[in-house]
Amino acid sequence: MERHGNSMIVFVLAVIVFAVPVCAAVIELETGKKVQGASIRYSRGQYTIETPTGPRTYSESQVRRAISSKPAGWDQAISLARSQPEKSIAALEEIAKAEKGLDWDAQAYRYIARISSERLGDFQQAAEVYERMPPYSMDKPEVKIGYWKVLIELGRYDEVEPKLNKVVQSGNREFSARGQLLRGDINMKQRRWEPAALDFLRVVHFYKRQRSVHAEALYKAGKSLEELRHDGASRLLEELKKTYPDSEYAGKI
Amino acid sequence: MARLDVKPAMKYWEASPCLGSALAGLLITCLFAVGTMADEVTDEVSFASGLIGMGFPDLAETVLEQLQERYPDRVEDTKLIRAELAMAYRRFEEAEKLVGEIPANSNKGRAIRLKLGTFFYGADQVDKARALYEEFFDQFDTVPTDPEMYETYEKASLHLTVILENAGQYEAAADSLGRIFAGNLDSEDLRMYKEKQVTLWIRAAEGKEAAAEEKKGLLDKAAGQIRDIEFGGPFWVVRATILRAKILLAEDKFDEALAILKRQYRIFKQIEVSYQEERISIPEFSPKSGYHYVRGLVYQEKGFDAARNAQRRHPDALVVDVPNSLELFVGGLETLSEVEKLAARKIVGKAVGCYTKVLKDYGTGEHAMDARLRLAECMDAVRRLGGTIKLTVDLKPTKPLDADEMFRIADTFYRNKKHREASEAYLKVLNQFPKTSATPRVLTNLGKSFFHRGHTLDAQATMMYMAEQFSGDGEVAKGILKLATFFRKQSAPVLSDRAYLEFVEHFPGHPKAPRVLYVLAQLAKEKSNETEEARLMDLLVARYPDSEYYLKALWVGGATAYEREQFDAAKMKFTLYGDQAPEGNQKANAMMLAAECDFRKERYADAFKGFRKVVKALDPGLAGNPYYVQSEENGDNESLYQQAFFKQAYCLSKIEEPVEKVSDFRADAINLFDEFAKRFKAGELAPTALAAKGAVYLQMDRYDDATTTFEHLSETFPDTPEGQNSLYTLVDAAMKVGKADIAMESVDKMAANPEAYEPLMFARVGQLMLANDLHDQAIRAYEIMLDSTEDPGLRERGYYGLGTSYHAKGDCGKAIENIQELIELNEKTGYFFEASMVLAKACRMCEQYDDALQALTAIYEQDKDAGRRKKAEFELALVQLAQGRKDAAFASYLRLSLYPDPLRDPVFSDLYRVGTLRCLDLAMELKDWDAVLLMAERMKQFWPEDNRIGVVNNFRDDALLEKAREAPLPRELAPGQ
């Protein structure tokens, strides 16, 4: 077999057995500064990080986020998500409790929310979980999209719509396109076919190169136009079949 | 399938109304899609335009209505789309009105006018279309230099030329065509356009029979232009000859026209022979078709002239000349004698012969259609002149060439490196036969031809068209790969990478896709584009688990993640590699690295399992162990085996959970270290393993065993650093596991036999002791070191260590003495700041304040670091306080406390906090109430939860009260009032 280089072997040999371990924990302060250390504890509103020069303590208000190494049982909890979603949720709840205040609690909540909505169809629980998540973790576009999808399933359109309107004007094209699709989904749910079609066609028009959303937009635009008995529906669905023959949406036609 | 949508390098006469739409669309797309995405109205207008383009004008109307409702003040911005809508619904009047309201000199104005022009042309309103195009051209004093605008300008001018030519306005068409000559055209294209311009002028001149001067002017212009054309090689010489003959014909100089053609006949023939040799289609491309056709024209004209002239001699003839007609007046032919008829018939008969030749030999060439019409005219003339003709050709249109023949012709051009002709021929055939078995090859060649012509954007567009339109087609995939290789060989790496990326995206199932991904990732690595490299490798791993590149990608991805300390990602990749690779050194390395990832993350239990797996796999004692089949790898594998063996023991000793099993783990670790010692007596890790075993004993409180182990280390490995300094190793290990007494005992042993150790060892011991506040042991170690070395670096370290230790012990005199020794030894010592600070503190302790101030002054003079100067400032305040100079100390603290953003740097924030509190205390003592209020405010602002905040508040209240007391009484309450 071809050798891919010996540099890594040398690298292994170079690992000093007694060396101080690399930092497994990081605290990001509100000032933007990052403090690295071996471990983090959180107790009564205070974070303590073990740094090579000794422990340092920061109050909650000083800390933007605290990240520690992957907690034990994480992989197992995630692996259960498909086969035993309830067990997976229980394990993740435990992790979230143990890692309270650290980044892993936010991650655990995110998975719980997804398992609740996608595997169990329990959108109410999913929404509650999202609402318990630390504010900084809600900054992530994918988390927001997940939350909004849940709210749409619960019919809480009034809460989502203003946010979507803001998102579609944002600079992030992928996020903006997804926001536009969700706006179309709301209209579809309310059987407002023409506004829905326009939302999806906006994605078709403006986000041609965002292949991840373009196929979905073609499909949904086609379907909403079908509801309107518009003769352009078949054109869009034909284009979907031609342009994205392997996509899941082409398979739905 | 859609027509090929790349920039058509087509001759202008192939331009069509669709071209007009395309160029207007191009402009509008640019205007909407690129320029002003930030504005919602512009976005919506662009969207509405897109809807019209997609065939949804009704939805566009809805968007427009919503827009007008929401932004009534932006109605101006919607004009463009309203105009487009009006056009889509063929409401030209309304469209015209709306377009008229948009300034013609704006980008939007230009775009919409061209679009409207196209619509008018489609509705047979040529004048209106022309006016709009003219308005567009009037915007430019000269040909635009901006490439995109020039492209629009060129297409618009070609399009207008077509419109005007079709409307019979030849002179205007020629002028329109002439607009683009000043642009950046290649010489071949320029000749081609000039040839067409000459033809247009000749045709314009032919219509000026009654205006001799004008006719002459046009023909002179045409003749002048021909000189520019003919210096382009034999091909252009014969084209020029045909044009000259046409000019002579227009001047009724029939014999001269025939003579000039005859003079050049040899060249016509040579070219045809060379075409035959090159297997270029003669019927399609031979210039001799033009030769025969023009001769036909001359004979036809001459024969008709002969007939007309004979009629003119008749006394009853009306003097009405109908150009190009056979009969001068009604019944004119009946006035001719048989001789006259025969003479005319003979000449026209020659024309018939010429046209027949064109149709017979060049039936698919550029003159065939006209020749067919002319032949019909001549046959009619012959018949009316009393003759009969037996045709040897079919007058019905010749069947066009089939796809294969056309492809073959284009290929011939391509093989002969005639890339302009090749690309035109390929485009022509593709437009006629967009999807045949030859399409992949044709598109590949087209891309190359474009590239050879310097049209790289067209080459890229062709490649992308292939990818998008033929996604999944194996032959096209091959073509794209060929193009990618071709671009790379032509030193166009960006284009090549783009081709590879398109290939990967559109042909994920192609057998070569994994290799391409791997190569792309390697290229990204060469460019240090780590993100792209990782993305491509991850894609390779996710998509192609069965590919031969899968393992390579896993390895490279794992190595990259490891180097970036992304140990979880690295572990995942190395684990997959280890699971799937065949037995060998590389697999062993992967397993080892997967375990290392856990080790680096201090997941010792997982790391132990990983190393154990390596140990089991690499055990050389196993019969037929596949890892030792290739003898050249044996050494590497044995080395890995040794490392893994050591690491498994070490990891076992570090596991701390579950607590009740820790002692068992440590006992097992010791057993493993013993086993290691047995197996690898002379191994390079043997002393390290022994030291680690000693450390485990210390953790288990088995001091005797630990001591014995370290003694054993010293005896067994006297030549290794660990062996030579086993006691230091013991001290170090003991301090690490918190056994200070054992450490001190060992230091005593070292001190008792100092010659046995390197001076550096004592320096290290001193530092270790000092760090753990064991000052006497530190002093002893440093003194032993100073007694045994003259190395200036070590001596500096010794004096500094002694100064610090004595100061920490409270012996300020000895501290000063040692620091002064250090400064005397090297006044530019690396310990300068720290030593000066120790000196200042020691001097303050010994009440030698002037010396303390001198030490601090030295810092101010020599150290420019702001942070260190702040620390010195703090010490200065303490010295000043010790001197009883409260005002000066207050000023020093004040400088610290008024730092604008004291929380910005956590390293100094505490210094500022303490400085502020001290300043506050001093301000109270000095009764500087304003300063008290200021400091109290700062404390509340920055450290509201400080444990002295209650005192701070009290001070603040006191200061307010005192200030109120000191304030002058109001006039009416003042004493004496």
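I began with Lys288(B), which is found in helix α16 of chain B (helices are DSSP runs of H or I with at least four residues, strands are runs of E with at least two, numbered from the N terminus). The model is predicted, so I note its limits: local features need pLDDT of at least 70, side-chain atom pairs count only at pLDDT 80 or more, and totals for chains, interfaces and linings use all residues. Residues are numbered from 1 along each chain as its sequence is written, chains are lettered from A and ligands numbered from 1 in the order written, and side-chain values use heavy atoms, without hydrogens and water.

Is Lys288(B) buried or exposed? Lys288(B) counts as buried, at 7% relative accessibility (buried is under 20% relative accessible area, exposed over 50%, partly exposed in between, with a 1.4 Å probe and protein chains only). Leaving aside neighbours within four places in sequence, I found Lys288(B) in contact with residues including Tyr265(B), Phe268(B) and Tyr362(B) (contact means heavy atoms within 4.5 Å).

Next I looked up a helix pair. The axes of α13 (residues 254–263) and α16 (residues 288–312) of chain B come within 10 Å and cross at roughly 160° (axes are lines fitted to C-alpha atoms, for helices over the stretch in contact; angles run from 0 to 180 degrees between N-to-C directions). That makes α13(B) roughly antiparallel to α16(B) (angles over 145 degrees count so; under 35 is roughly parallel, 65 to 115 roughly perpendicular, the rest oblique).

Last, I turned to chain A. Six bridges join strand β4 (residues 46–51) to β5(A), and the two run antiparallel (strands pair if DSSP finds at least two bridges between them). Ile49(A) stands opposite Arg56(A) in β5(A).
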